[in-house]
Amino acid sequence: METILFFAFAKPDGSLGKSAREALAAAKELAEKVAPNAFIGAVAGGKTDPAASLLAGAGCARVLAAENPALDQARYAADAAALEAAARAAEATLVLLPGTSRAQRVLGGAAHRLGGRADTHVTELRPAEGGIEATRWHYRQRIEARFTREQRPWLVTLDPSGFAPWEAAAAEPAPEKLATPIDENALRTRVVGFKAPESGAETIRPDANLLFVAGAGWTKKQADGKPHVEEAERLILEFLRLSRASLGSSKSLVDLAGEGEAVLSFLTHLHQVGQTGATPRHPKGLAACCHGEEPHTVGWRFINERRAINLDPNCGWARGKADVLYVADAFAVMAELNKILAERAGQSPRQES
Ligand SMILES: Cc1cc2nc3c(=O)[nH]c(=O)nc-3n(C[C@H](O)[C@H](O)[C@H](O)COP(=O)(O)OP(=O)(O)OC[C@H]3O[C@@H](n4cnc5c(N)ncnc54)[C@H](O)[C@@H]3O)c2cc1C
């Protein structure tokens, strides 16, 4: 008989983020099938009340709250201690966490201390003969593995964007305060601030509805025989500002920087989508000035509706990779699109400086 523990770190305001609510929905669904009376929720953070209410509303039989100023920010020693304490208090056999960097970092250490096993990047969990079956991808999303484990406790992080987030009403919780032994040594690491890659942090938005991909065409010579990189930068940044889309790129475009060519200054290798890049998850995708070659489009596996703008009607996108291909000049299309978006938002598009 399984005892399922859902564990998450709260945001500074005490609530749960989207990926945590997605993992909560997945944990609840599994618990209803395999452990209806043994579904426990735990939250750790500087504040925990809003998250505890959400866990109570999700039907957790017990709600554990590790509330401690030391858990306000991610710190390995304190976070691992909180996870270990929650798993022990719940006597959990299966511990489910959202696949955030904070949870991934402490998963292995906590599993070791608990004498259990850890798995990351799981995309599905379901009851199966002889236990619970997990699904995850390997080798850049090419191989799907389904597996079970006999060892317990089994600690699992669930990849974001695979489940609809838990949204239902919160309930009045009666959280059990979880004593988390965090000694002085666990606090030697001090978080002094955040430093993210300059451009990537601003334009990579995993929660966006739209992925906008810029290809190398933006930097190529155009009809007048000259490249228009500055105009490309302005059009793309304006579109991202108005649409709140996430920015991706082809490998060719991000590599150009290393080759000393004129490039879009806000692109880094973090933006690269494809075989040797990222495989983001967004409901929609729009590629512009990108040829749509296979090593690029394998990264679009989890983009549901795909559109592309390319001058070439025989580009890779035309060969069954995009749902809609606009054979048009991306400079003209994006300028018009920005005008429409600005009008809708009641703003005037930014003038060329
Ligand atoms: C092992 C391996 C791994 C790889 N991994 C990746 C990967 O992870 N990600 C990735 O992206 N690539 C990857 N590649 C490279 C990939 O095969 C392609 O070469 C690359 O994606 C092409 O990039 P692109 O379409 O931006 O550029 P290009 O091939 O140069 O295409 C530019 C396009 O812009 C169009 N264009 C130009 N001007 C305009 C305009 N005004 N309006 C509209 N369209 C215009 C042109 O018609 C052209 O189709 C990999 C290759 C290999 C061999």
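Predicted model: local features only at pLDDT ≥ 70, side-chain atom pairs only at ≥ 80, totals over all residues.

Reader: Why is His121 called partly exposed?

Author: His121 has 15 other C-beta atoms within 10 Å. A residue is buried at 20 or more such neighbours and exposed at 12 or fewer, so His121, with its 15, is partly exposed.

Reader: What makes the phi of His121 worth a remark?

Author: Phi of His121 is near 60°, a positive value in a residue other than glycine. Most residues other than glycine have a negative phi. Glu91 also has a positive phi, of about 50°, although it is not a glycine, and Glu91 lies in the loop between α3 and β4 (94-98).

Reader: Why does Glu91 count as exposed?

Author: Glu91 has 11 C-beta neighbours inside 10 Å, and because the limit for an exposed residue is 12 or fewer, Glu91 counts as exposed.

Reader: Why does Val63 count as buried?

Author: Val63, which is found in strand β3 (residues 62-67), has 25 C-beta neighbours inside 10 Å. The cut-off for a buried residue is 20 or more, so Val63 counts as buried. Leaving aside its neighbours within four places in sequence, Val63 is in contact with Gly41, Ala52, Leu55, Ala56, Pro173, Pro175 and Glu176.

Reader: What makes the bond between Arg152 and Pro153 a cis peptide bond?

Author: The omega of the bond that joins Arg152 and Pro153 is about -5°, and this bond is cis. Most peptide bonds are trans. Pro153 has its place in the loop between β7 (143-147) and β8 (154-158).

Reader: What makes up the largest nonpolar core?

Author: This core has 65 residues, of which Ile4, Leu5, Ala8, Ala42 and Ala86 touch the most other members, and its largest share, nine residues, comes from helix α3 (residues 76-90). A second, separate core of 33 residues includes Ile236, Cys289, Trp300 and Ile303. Ala8, from the largest core, is in contact with Leu16, Ala20, Ala23, Val43, Ala51, Leu97 and Pro98, once its neighbours within four places in sequence are left aside.

Reader: Which residues are closest to the ligand, and what kinds of residue make up the shell?

Author: The ligand is surrounded by 30 residues, the closest being Gly215, Gly217, Ser250, Lys251 and Gly274. By class, the shell divides into eleven nonpolar, 14 polar and five charged residues; its largest share, three residues, comes from α7. In α7, Lys251, Leu253 and Val254 are buried, and the buried residues of α7 pack against β10 (210-214), β11 (246-249) and α8.

Reader: How is the chain divided into domains, and how many residues of each are in contact with the other?

Author: The chain is divided into domain 1 (4-187) and domain 2 (198-344), whose C-alpha centres lie 36 Å apart. Five residues of domain 1 are in contact with six residues of domain 2, and by class the side of domain 1 that touches domain 2 has one nonpolar, two polar and two charged residues.

Notes: Residues numbered from 1 in each chain as written. Near = placed C-beta within 6 Å. Helix = DSSP H or I, 4+ residues; strand = E, 2+ residues; numbered from the N terminus. Nonpolar A, V, L, I, M, F, W, Y, C, P; charged D, E, K, R; others polar. Core = buried A, V, L, I, M, F, W, Y, C linked by C-beta atoms within 7 Å. Contact = placed C-beta atoms within 7 Å. Domains from an automatic or database assignment.
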